[in-house]
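Here are a few friendly notes to read alongside the model. Please keep the structure open as you go through the points.

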Amino acid sequence: MQFRLVSEMTPKGDQPHAIAQLTEGILRGEKHQVLLGVTGSGKTFTVANVIAQVQIPTLVLSHNKTLAWQLYSEFKGFFPHNLVCYWISHYDYYQPEAYLPATDTYIEKELSILKEIERYRLETLTALVSGRRDIIVVASVSAIYGLSDPSEFAQHVISLRPGIRYPRQALIHQLTQMMYRRTSEGSTPGTFWTRGDRVFVFPAYSEKGYKISFFGSAIEGVEELELPSLRPVRRLDELTLYSADMFVLSPQKLQVAIARIQAELAAQVEYLRSLGRTEEATRLQKRTLYDIEQLRTLGYCNGIENYSRHLTGRAPGERPYTLLDYFPRPFLTVIDESHVTIPQLKAMIGGDQSRKLVLVEYGFRLPSALDNRPLRFEEFESLVEQVIYVSATPGPYEMGQTGGAFVEQVVRPTGLVDPPVEVHPMEGAIDHLLGAVRRHRSEGGRALIITLTKKLAEEVADFLLRVGISAAYLHSDLNAIQRVEIIDKLRRGEISAIVGVNLLREGLDLPEVSLVAILEADKEGFLRSETSLIQIAGRAARNVRGEVILYADRITSSMQRFIQESERRRQKQLAYNAEHGIVPHSAGRRSELSMVEESFPAADISSLPGMQSLTITQLQAMIEETRRRMLEAAEAEEYLTAARYRDELRALEKRLSEMQVKV
């Protein structure tokens with residue numbers, strides 16, 4: 001199948017030129033291209049048009065899970081007839097295994113997998129090995145973490161058609177090898193059960209169920225089932241079933257892997273004993289032999305990823321298989337917000353290796369555990385083929401790859417122009433700021449105020465509150481959910497201004513914001529660099545009344561470059577509007593919190609095990625545990641997970657209140 005773009009929009013502004021340039025670059029075989037697109041210029045729509053023209057499988061990388069979900073939703077809307085998949089880390093809670101020598105403390109790995117995300121991940125792998133090329137995968141940087149051998153995953157496939165000879169027992173055996181769990185009833189993903197000459201299968205990567213009926217040793221019929229009623233929906237001429245787990249291995253390869261693990265264990269135990277480290281050698285032998293026994297009997301063990309080098313047959317030091325290995329060649333890579341995503345990709349390997357080196361040194365893991373790792377950046381570079389870096393402020397790496405060349409997308413389809421920039425001295429800044437906030441509030445606008453220190457941010461927020469301006473201080477002591485809720489209050493008009501030190505990390509695209517005020521703009525540094533100033537000013541670029549005020553006593557080189565670039569863009573945008581008779585209008589956008597809340601269904605605590613029989617004490621303990629997990633997810637900025645726990649927490653607290661009333 002081919003990519004088929006569906007949209008009522010047509011390319012406008014700089015989009016037609018950007019689409020043409022990027023498309024021509026890909027067709028010429030250029031490996032690196034930069035799309036310098038300002039906020040609100042429709043970069044996702046431009047990329048969608050490029051994909052539709054070049055007809056190449058595409059990986060879209062995002063630095064943020066919430067933004068990845070937004071991109072996934074947008075691409076699904078543009079390509080409803082094609083495969084659009086979502087890939088992020090499937091843990092909603094993850095405590096990695098670690099050892100702290102100073103206190104002789106071993107921390108066991110703890111994790112909890114979010115089933116909805118697990119389904120998305122399996123759906124992605126099955127789509128990639130299915131042979132179709134009309135596929136877009138939107139992923140976080142978890143795409144560079146290790147997976148099983150794609151050729152092995154592709155072998156664990158069952159193709160069923162009515163009329164073919166396929167004994168019922170052979171199907172049951174094959175499903176078991178593909179990690180499906182046999183149950184007695186239900187429709188849990190990744191399970192199957194039997195009734196007479198019928199086998200009911202519920203793939204882990206799909207929201208569908210299937211009934212396979214047999215007549216003797218042949219398949220009589222295949223039906224798709226509605227869940228959870230199991231009512232037949234339609235008969236199928238063919239059904240392809242894929243593995244229920246991402247880490248699947250044939251019995252023969254598992255035995256080879258076990259033999260390799262045993263050989264490494266013997267060598268490492270001998271090495272540790274030669275150093276006089278008998279305790280470490282004994283510990284390693286005991287732990288590894290237990291894992292080997294689990295692998296023999298169950299086909300998996302806790303911490304199976306630590307043996308990935310042996311399970312995939314790789315040599316010591318050889319890079320792991322990742323999502324990139326599953327892509328059909330050639331494929332296109334789009335790196336969204338590249339100025340943030342590229343540094344994140346480079347940094348992933350560091351912390352992972354230091355933690356595992358300690359585990360290996362003290363006999364908790366074999367040295368091969370070090371090969372269960374994310375890709376090094378140079379390995380990532382070798383796997384991607386053609387890349388489009390997308391950012392309003394591309395970093396030095398991206399610009400270096402293209403020799404400074406870029407495709408510019410400055411003119412917005414909405415006709416919005418970059419906000420004018422005013423420089424005001426710090427003397428009298430607060431009074432001037434108050435007047436600006438009041439003026440924008442009277443016109444229905446909101447304000448973002450950026451300071452250099454927490455102390456000043458608190459003082460400004462307190463001052464605004466004292467003079468009757470509803471304001472909130474956005475600081476690091478608030479978890480992610482609380483930060484997002486403050487942003488939502490700004491959107492709804494419950495507060496008129498947010499004050500903070502670094503509001504870039506929020507990923508704010510708020511059309512209600514018409515004023516951005518930057519205090520002490522002349523203090524050179526990361527938060528007042530040209531890139532930061534451009535990014536901050538972009539927060540006011542979605543409002544037709546947008547304005548940026550720099551409070552400073554001198555104009556630094558960063559400020560000068562920012563002002564010149566802003567004015568250059570404004571003149572180009574104004575000239576386009578005049579030529580085409582465009583009257584600018586403010587952009588519209590859902591809030592991040594609303595987007596998160598729409599991502600998954602609301603929490604249903606009735607499905608939690610033993611809920612009806614819980615005592616008040618047990619329910620209080622469950623509330624505290626849920627609150628702990630929500631805050632951990634929030635601090636990691638995992639919006640989807642944190643929002644899910646927040647909804648569950650509210651439902652549990654409501655249940656507790658009801659129980660206490662009855663008592």
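1. Let's start with a helix pair: the axes of helix 17 (residues 530-537) and helix 18 (residues 557-580) come within 8 Å and cross at roughly 45°. Helices here are DSSP runs of H or I with at least four residues, strands are E runs of at least two, and both are numbered from the N terminus. Axes are lines fitted to C-alpha atoms, for helices over the stretch in contact, with angles from 0 to 180 degrees between N-to-C directions. Helix 17 is therefore oblique to helix 18 (under 35 degrees is roughly parallel, over 145 roughly antiparallel, 65 to 115 roughly perpendicular, the rest oblique).

2. A word on the source: this is a predicted model, where local features need pLDDT of at least 70 and side-chain atom pairs count only at pLDDT 80 or more, while totals for chains, interfaces and linings use all residues. Residues are numbered from 1 along each chain as its sequence is written, and side-chain values use heavy atoms, leaving out hydrogens and water.

3. Which residues of helix 17 meet helix 18? They are Glu530, Leu533, Ile534 and Ala537, and their partners in helix 18 include Phe562 and Arg569 (contact means heavy atoms within 4.5 Å).

4. Now for a sheet: six strands form an open, mixed sheet in the order 10-11-12-13-14-15. Strand 10 (181-182) and strand 15 (231-235) are its edges, each pairing on one side only. Pairing requires at least two DSSP bridges between two strands.

5. Within this sheet, strand 11 (residues 191-195) and strand 12 (residues 198-202) pair in the antiparallel sense over five bridges. Arg195 stands opposite Arg198 in strand 12.

6. Finally, helix 6 (residues 168-177) lies across strands 10, 11, 12 and 13 (209-215), running at about 160° to strand 11.
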